[in-house]
Amino acid sequence: MNKKMKVIIVSGFLGSGKTSLLLQMIKNNQYEHKPKIAILMNELGGFNVDSKILGEDTPYNELLNGCICCDLKSDVAVQLSDLYYRHAPDFCIIEATGVAHPVEIYDACTDPVLTKFSEIQNITTIVDAKRYLERTKYTETTRRLMEEQVKYADIVVVNKMDLIDEVERIDLQHQLYSINQRAEMIETEYSKTNIDILSIKGHEVNAHIHMHHGITSMVYTFNGAIDSRAFVTWLSQLPDSVLRVKGFIKFRENKDQTVLFQYAYGIPQYEAEVMNMPLKLVIIGEGLEKQKLMDQLDQLQFS
């Protein structure tokens, strides 16, 4: 299986219509030679998805009683690996919880063990039109989450348009555009659309990302151990646009020890890894200067 599984992240606040959109995406995928879809559903509670709703031809796994952003982040690699090796889908759609932050979901999907067989196709966020217009009624944390779910999306599905009037529609368009000018906006009622989100190819999404400085990632492979002090110096010089760094590294001071490394919000974490994992770093950020980062990491290897 050399072909990579494409991952679509579906985010959106509670009650916005994510499950309805998911079912619509499956329904739209009825044409001849259709790609095979798998589903990874994340629920905060113990809700069990009824396979009859998804259909017998749609394999799925569940992450229950937690959120991808928090306590289930490490389980994502296990579940995606399981779906890939058992079912070999062309696409895996992740339906996240309503309180999940898209950067955290993206982060979970770029685990170094996943890079050899999967790649992120796009982030699709669904918005409840009326609720979004009234988001100032919520706490500051909730309002910011709703806005950042829009900010990091490649596709924004503006749902429940039948519940707002034309003046509100124009206002909503301006508000969404002010946060994210690069995303494709799709207006829907009951999450129904004739636009097949799967047909928006990865290279088109990536072109948007590179041109408009959205969230993207890169993978770097080390040939061997590196100097720990030089690595710390490199970390200290990273721009704010780098949101996450994670992976497996070895330091020359202890060449036999593989280290699981994670970096978020400017804070590095080092943890001894029992298994001899591939020495790869995944870097996630906005408008990454990939070549510059590659050159810097090359220098670490040869310094």
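**Close-up views of the cavity and the sheet**

**View 1. The lining of the largest cavity.** The residues that line the largest cavity divide into 7 nonpolar, 4 polar and 2 charged, where Ala, Val, Leu, Ile, Met, Phe, Trp, Tyr, Cys and Pro count as nonpolar, Asp, Glu, Lys and Arg as charged, and the others, Gly among them, as polar. The model is predicted, so that local features need pLDDT of at least 70 and side-chain atom pairs count only at pLDDT 80 or more, while totals for chains, interfaces and linings use all residues. Residues are numbered from 1 along each chain as its sequence is written, and side-chain values use heavy atoms, leaving out hydrogens and water. The volume of this cavity is about 80 Å³ (a cavity is a set of points on a 1 Å grid over the protein atoms alone where a 1.4 Å probe fits but cannot get out, and lining residues have an atom within 4 Å of a point; the volume is the space filled by probe spheres set on the points, which are joined across faces, edges and corners). Of its 13 lining residues, Phe13, Ile126, Val127, Asp128 and Met146 are the closest to the centre.

**View 2. The pairing of β2 with β3.** Strand β2 (residues 37-42) runs parallel to β3 and is joined to β3 by 4 bridges, with Ile39 opposite Tyr60 in β3.

How values were computed
1 Å grid on protein atoms, 1.4 Å probe; cavity = no way out; pocket = protein on both sides within 12 Å on 5 of 7 lines; lining within 4 Å. Pairing = 2+ DSSP bridges. Helix = DSSP H or I, 4+ residues; strand = E, 2+ residues; numbered from the N terminus.
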